[in-house]
Amino acid sequence: MEIRIGIINTGRELSFDTGSSADEIRSQVAAALEQSTPHLSFSDVKGNSYIVPTANLAYIELGTEELRRVGFVA
């Protein structure tokens with residue numbers, strides 16, 4: 001699933017693919033915002049880690065969890 005994160009005062013967005021489900025990401029973000037956690041931590045499918053400050057979050061866009069089809073469809 002693709003995640004796109006907008007950060008305040010930053011011209012680019014952070015975009016990566018993760019193996020987590022949309023519900024897991026939603027609950028992680030909601031818990032961090034409710035508990036005033038200073039940072040959120042994400043990891044992508046390649047094993048890279050991303051730490052994002054919660055105070056500077058502009059938006060988080062969650063892509064679809066649909067698997068891509070391989071081959072030709074008639």
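The model is predicted, so local features need pLDDT of at least 70 and side-chain atom pairs count only at pLDDT 80 or more, while totals for chains, interfaces and linings use all residues. Residues are numbered from 1 along each chain as its sequence is written, and side-chain values use heavy atoms, with hydrogens and water left out.

Let's start with the rings. Phenylalanine 16 sits in strand E2 (residues 14–17) and phenylalanine 42 in strand E3 (residues 39–43), so the pair ties together parts 26 residues apart in sequence (strands are DSSP runs of at least two residues, numbered from the N terminus). Both are buried, meaning under 20% relative accessible area with a 1.4 Å probe, protein chains only.

Phenylalanine 16 also pairs with tyrosine 50: centres 4.4 Å apart, planes at 15°, so stacked. Tyrosine 50 belongs to strand E4 (residues 49–53), 34 residues away, and is buried too. Phe16, Phe42 and Tyr50 form one aromatic cluster.

Now for aspartate 44, in the loop between E3 and E4. Its side chain makes a 3.1 Å polar contact with that of tyrosine 50 (N or O atoms within 3.5 Å, one able to donate a hydrogen and the other to accept it; residues adjacent in sequence count only if both atoms are side-chain atoms). A polar atom of the aspartate 44 side chain also lies 3.0 Å from the backbone nitrogen of glycine 47.

Terms used:
Helices (H or I, at least four residues) and strands (E, at least two) are DSSP runs, numbered from the N terminus. Buried means under 20% relative accessible area, exposed over 50%, partly exposed in between (1.4 Å probe, protein chains only). Rings of Phe, Tyr and Trp (its six-membered ring) pair if their centres lie within 6.5 Å; planes under 30 degrees apart count as stacked, over 60 as edge-to-face and the rest as tilted.
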